[in-house]
Amino acid sequence: MSSARPAGLPHVDAETPAVLVLPGPVRRDDVPGLCADVRALLEAGGTGVVVCDVGGLGPPGLAAVDLLARLELTARRAGGRIRLRDPDPALGALLDLVGLRLQVEGQIEEREPALGVEEAVESGDPAV
């Protein structure tokens, strides 16, 4: 039984980012293939974000930090970003310790306030 393919362009969901499940434990030989996967997902999708499910990475260590840094670098070179899904709290602490700031699903992205915008106003301040 065959069915006719609908006319027009295929449906692409531009709101939902692609998901890459990272298996554990991390091996150095896996890094180039995972970087290629991130690059391919960014080229195929329209969101500019690849969600990396890190729940299965196992205990966090420097190998996981190295992998995530390389994935983020690959994504940025391709014009995108990675976002972490289900990170272990220890992994988040380790990433903070080494200074690698990555987006985490469900967290609001931290940004600097726009220039000229005050966060608080004193009651005696004149209007600008």
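**Before you start**

This is a predicted model, in which local features need pLDDT of at least 70 and side-chain atom pairs count only at pLDDT 80 or more, while totals for chains, interfaces and linings use all residues. Residues are numbered from 1 along each chain as its sequence is written, and side-chain values use heavy atoms, with hydrogens and water left out.

**Stop 1: the whole chain**

Show the chain as a cartoon. You will find three helices and four strands; helices (H or I, at least four residues) and strands (E, at least two) are DSSP runs numbered from the N terminus. Starting at the N terminus, the order of elements is β-α-β-α-β-α-β. Of the 128 residues, 26% count as buried. Here buried means under 20% relative accessible area, exposed over 50%, and partly exposed in between, with a 1.4 Å probe and protein chains only. Among contacts (heavy atoms within 4.5 Å) with a separation of 6 or more, 69% come from residues 24 or more positions apart.

**Stop 2: the sheet**

Select the strands. They form an open sheet of four, ordered β1-β2-β3-β4 with parallel pairing; two strands pair if DSSP finds at least two bridges between them. β1 (18–21) and β4 (103–104) stand at the edges with a single partner strand each, so one side of each has no neighbour in the sheet. Now pick out β2 and β3, which run parallel and are joined by five bridges. Asp 53 stands opposite Arg 85 in β3.

**Stop 3**

**Stop 4**

Select Glu 72, which is in helix α2. Is this residue buried or exposed? Glu 72 is buried, because its relative accessible area is 6%. A polar atom of its side chain lies 3.1 Å from the backbone nitrogen of Ile 82. Glu 72 is also in contact with Arg 81, Ile 82 and Leu 102, leaving aside neighbours within four places in sequence.

Next, select Thr 74, also placed in α2, and Cys 35, in α1. Thr 74 counts as buried at 10% relative accessibility, and Cys 35 counts as buried at 9%. With neighbours up to four places away set aside, Cys 35 touches Arg 70, Leu 71 and Thr 74, while Thr 74 is in contact with Cys 35 and Arg 39.

**Stop 5**

Select Leu 91, Leu 94 and Leu 95, the buried residues of α3. They cover an arc of only 100° around the axis, so they lie on the same side of the helix; the arc is that of the directions from the helix axis to the C-beta atoms. These buried residues pack against α2 and β3. Turn to the other side to see Pro 89 and Leu 97, which are exposed. At the start of α3, a side-chain oxygen of Asp 88 reaches to within 2.7 Å of the backbone nitrogen of Ala 90. After α3 comes Gly 99, whose phi is positive, near 85°.

**Last stop: Asp 86**

Finish in the loop between β3 and α3, where you will find Asp 86. Asp 86 counts as exposed, at 54% relative accessibility. Asp 86 and Asp 53 are 33 residues apart in sequence, and their C-alpha atoms are 6.3 Å apart in space. Beyond four places in sequence, Asp 86 is in contact with Asp 53, Val 54 and Gly 55.

Methods: A polar contact is a pair of N or O atoms within 3.5 Å; within protein, one must be able to donate a hydrogen and the other to accept it, and residues adjacent in sequence count only if both atoms are side-chain atoms.
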